[in-house]
Amino acid sequence: MTDGWLVKNLRAIRGRAYPRVIGAGREPSWIFFEIVLPLFTVAAYAYIYKFMDARAELIGYVVLGGAMTAFWLNVLWNMASQFYWEKEIGNLQLYMIAPISRMSVLAGMALGGMFSTTLHAASTLLIGTLLFNITYQLVDPIMLILIFTTTLVALYGMGMMFASMYLLFGREAHHLSNLLTDPVYLVSGFYFPVNSLGTWAAAGASLIPVTLGLDAMRQLFFSDVSGDGFLPLNIELLILAGLSILFLVLAKYSLSYMEYLGKTTGRLTLRWQ
Amino acid sequence: MHQYAVETQSLTRVFTPKKREGEPVNALNSVDLKIETGELFGLLGPNGAGKTTLLKILCTLLLPTSGKAFVAGLDVENQYEDIRTKINMVSGGEMSGYGLLTVRENLWMFSQFYGIKSKVAKDKIDRLLETFGMTDKSKAKLRTLSTGQRQKMNVIRGFVTDPEIIFLDEPTLGLDVNASRIIRTFILDWLKDNPDKTVVLTTHYMAEADELCDRIAIIDQGGILACDTPERLKKTVRMNTMLSMDVTLLKNREVFQGLNGVGNVSFVDDSERNQTHVKFVVQDDSCVSDIVSGVLDQGSKIISLQKTEPTLEDVFIKMVGKGFE
Amino acid sequence: MAIMHDLRTLKNAAWLGWQMEANWTDPFLFATYSIVKPISATLILVFMYMVVTGGQTNSAFFSYMYVGNALYMYVAEVLFGVTWVIHDDREHYMTLKQVYIAPIKFPAYILGRSAIKIAITSAGVFVTLLFGVIVLGVGIDIGAVDWPLFAASMLLGMSCICVLGLALGGVTFLTAKHSIGINEGVAGVFYVLSGVIFPITALPGWAQSISKVLPITYWMDSMRRALMPETMSEMNSLSGLDVTGLGTFDNLFIMAFLALSAAIFFMISLGVFRYADNVARKQGKIDWTTAY
C-alpha cells in the first residue's frame, strides 16, 4: 500500500526539521554564541533601568523580551532568509523538484527552529532571571502555555510567509532581515511595555505576533500589577490564533505565486545575485 | 497515442535580463525532442549551449517561454506536481546538503522529501553507499568529503528515490577517471536492471556521451543540430576513411598513386628506425587490400595499420564548424 | 612598494564592500535602509527612558545615553561587518579561499571591507545625532564642540574598533554558523561594560575594573567630551559624585589611556587573528561551509 499525501508530507517535515534539531547540538559553540552573548544586551538594558531606579518589573520585562529576541532572530535569519542560503548551496532546487508540498519544507524548518530556539530562549531567561534576581508571579500556567504556543505558531507562520516572499531575493534577503531586526524590537516592545507606544501604534504593531505574545506573557508572569498590559489576555489569544491562520494561508499562497514567478523569470535557481 | 519519456515541441526559452543589463538571451530555440522510455539519452554541447536550461524546464524548475514540454506524458507547465513524483535530478559540482550532517543523514533527509519510509530509505542508502564504495564514509560529515565522494553522494541522492526518469546534468564534471568510471558504470547497470526507466544526461565530454548514450542530441546555441545514435552520428562524417600505416622503409611509392579512391597521401620517413609513416584517405574500405598487396609485393613489411575512426568531436565540428573550446 | 600594494588591496576591498552593501537596490531605498535601522535602535532607548521618566528628555543623562548609543553604532556595525565578510565570503559566495590565497595581506582586505562599513555607519550616526538634537533636545551645541579632541578621538577609536574587528574575524574562521551571534554578543560586551548607555558606576565593582581597561570605555567618554563638553560637566557634577566613573580624569589622560589601550588591543587582536588563522588552516576551516 502506498502512503498517503499526509504521511509523505509529515515525513518531509521530519526530514527538514532534523538538521535543525541535530545540527545545533553538533556545534557546541552555540551555547556561547546564542545564550551567553545575547545576555549582554539584556544586561545593558537591565542596568539602564537600574541606573534610573525604574520599577522592578521593567527589568523582568527586559529579561523576558531578551529571551524572546531569540525567536524573532530565528524567524528572520533562519526562516525568512533561509531559502536564499538554500538557493546558494543548491538545496532549493532539490526542494522544488521534490513531490511534496513546499509548505512541508517550511514547516520542517519552523519546527526545527522552534525546538532549538526554545532551548536558547529558556536558557537566556533562566540565566537572566538568576542574574537580575527577577521574581515572577505566575497566575495561569495553562494560559501561558496556550499563549506561548499560539505566539510561536503565528510567529513562525509569519516566518514561512516571509520565506516565500523572499524566495526570489538575492542579497536583498540579508539586508531586509537586517533592516527588520531593530524596528521590530522597537514596535513590539521587546524592552518596554508596548502600550507606551500609544494605542494606535501598539495596535499596528500587534500584526507582529511577538508583540501580543510578549505582552500577554508579561501580564501572566508579573500579574500585570502596574497595568502595563495592552489588551485582555483572552482577546490577545484570539488575535494570535487569527494571525496564525492568516499567516499560514498567506504563506501558502505567496509561496505558490513566488514559485510560479521564479519559474517564469528563471530566478528560482539563479545564484550569486 | 505513443507516450515518450520526454517530448518537447518547439520549446523556446528566452531570458530577459533586468533593465540596462543586456539584451534578451535565446537559451532554447524551438527545440523538438522525443526520448523513448528505457533510453539513455545524451544532450551533448559546449558550455552555454542550452543543455541546463532544457533540463531545468524538464525538471519543472523553469517555465518555457513558448512551446510545449512533456515528461512521462505530463505537461511541465500545469502537471508539474505529478511530474515531480516521477523524476529526480543530479548536477555536477552540486554542493547540496548540510555540512553538519553525515552523508547517511543527508541522504536520509533528502529521501524524506519523497515520502519514503525511513527504514526502506536507510536500507537503500546503505546498499547504494556500498555499491559506490562509500560505506566507510556513511558517518562522515559532508564537509569532510572530497569532490569525488561528494559527487558520488549526489548521485546516490538522485537514485535513492527510484525515479522513473532521472536527469543528470554533467554528473562527472571535474571528477577523476576512477570516480567518473564508477558513476558511469553505475548508470549503465541501473538502466540494465531497470529497463523501464529513462536517463537524460547532459555532458560536454564527448567520450562520456559516446560510451553511455543510446542516442545523442547535439545542441548548440539553443538548437538541436542532430539527434541520433552515436554510431549513426559518426557515420555522417565517415564519407572518407583516414588510415595510417607504418612500413619498413618504402622505396616505390607509386602503389599509392594509381589506385582509384585513394587520396591525400603523405609520407614521413624515419631513417633511424628504417620506417616510413604513410597517411592516406580512402573513399571505400575495399581499396585497403590493394594497398596492402602492393606494399607487400615490393618487399616491404607492414608494421602497423590503423584506421582512424571519426569521433563525436568530428561530428560536432562538422555540424558547428568549430570544436567545443 | 609593499605599502602601495596594501593600499591598492584596501581600495579594491572597499570598492567591493561598497558594491556588496549598496548595489542590491536603488540609492533611495539604500539611504532609507541606512537610516531606519539606527533610528529604530535608538528609539528603543528613548522609549525605555520615557517609560521611567514620563517623557522628559532634557536631562544630561538622556543626552549621555543618546549620544553613547549613536556612537555605539560604529562598534556594532564595524564588528558585525568584519565577521560578516568572513562568513559571507566563505559560506555564501565561497570566495574566501581565493581571496585568502591571493598575494595580498588578508588583514588589508578585511580593513578595506570595513572602511566602507565605517563610511555607511557615519551617515547613520550623523542622522541619528541630528534627529536627537532637533527632535529630542540632545545637548550637542555645534559651536561648543571640541574639534581637535573629536578628530583625535575618532582616529584612535576607529583604528581600535577595526583591529578588534580583525580579531573577531579570526574567531569567525573557527566558528560555525554563528556570526550573527558574534556580532550581537561581542559588541554586547562593550555595550554593557563600556559606559555606552549608562555610566560604568552602575556596574558591580568587579565589572567596573574590566570597564576601565577597555578602550571603548575611553573612546565613548572622549567622544562625548568632544561633542558635548557642557553636558558632560553637568553629568559629573550631579550629586557631587563621579557619576561617569571617569570624571576625575582630564582629557589628556583619557586620550593617553585610549592610545595605550588601543595599542595593547592592537597587539592582542593581531595575535588572536594570527592564532585563529593558523588553527583554521590546521583544521581546514578556511573554506568550509556549515549551514544547517
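**Close-up 1. Helices α8(A) and α11(A) of this predicted model lie roughly antiparallel to each other.** Helix α8, which spans residues 141-165 of chain A, and helix α11, which spans residues 209-222 of chain A, have axes that cross at roughly 165° and come within 9 Å. Angles over 145 degrees count as roughly antiparallel, and the pair is therefore described in that way. In passing α11(A), helix α8(A) makes a left-handed crossing.

**Close-up 2. Residues from both helices form the contact of α8(A) with α11(A).** On the side of α8(A), the residues that take part are Met143(A), Leu144(A), Ile147(A), Phe148(A), Thr151(A), Ala154(A), Leu155(A) and Met158(A), and they meet Pro209(A), Val210(A), Gly213(A), Ala216(A), Met217(A) and Leu220(A) in α11(A). Sorted by class, the residues of this contact comprise 12 nonpolar and two polar ones, with no charged residue.

**Close-up 3. Helices α5(B) and α6(B) pack roughly parallel to each other.** The axes of helix α5 (residues 147-159) and helix α6 (residues 177-193), both of chain B, are 10 Å apart, and the two helices pack at an angle of about 15°. Because angles under 35 degrees count as roughly parallel, this description applies to α5(B) and α6(B). The crossing in which α5(B) passes α6(B) is right-handed.

**Close-up 4. Residues from both helices form the contact of α5(B) with α6(B).** Helix α5(B) contributes Gly148(B), Gln151(B), Lys152(B), Val155(B) and Phe159(B), while α6(B) contributes Ala179(B), Ile182(B), Ile183(B), Phe186(B) and Trp190(B). This contact has seven nonpolar residues, two polar residues and one charged residue.

Definitions and conventions:
Residues are numbered from 1 along each chain as its sequence is written. Chains are lettered from A and ligands numbered from 1 in the order in which they are written. This is a predicted model: local features need pLDDT of at least 70, side-chain atom pairs count only at pLDDT 80 or more; totals for chains, interfaces and linings use all residues. Axes are lines fitted to C-alpha atoms, for helices over the stretch in contact, and angles run from 0 to 180 degrees between N-to-C directions. Helices (H or I, at least four residues) and strands (E, at least two) are DSSP runs, numbered from the N terminus. Angles under 35 degrees count as roughly parallel, over 145 as roughly antiparallel, 65 to 115 as roughly perpendicular and the rest as oblique. A crossing is left-handed if the near helix is turned anticlockwise from the far one by less than a right angle, and right-handed if clockwise. Two residues are in contact if their C-beta atoms, placed from the backbone, lie within 7 Å. Ala, Val, Leu, Ile, Met, Phe, Trp, Tyr, Cys and Pro count as nonpolar, Asp, Glu, Lys and Arg as charged, and the others, Gly among them, as polar.
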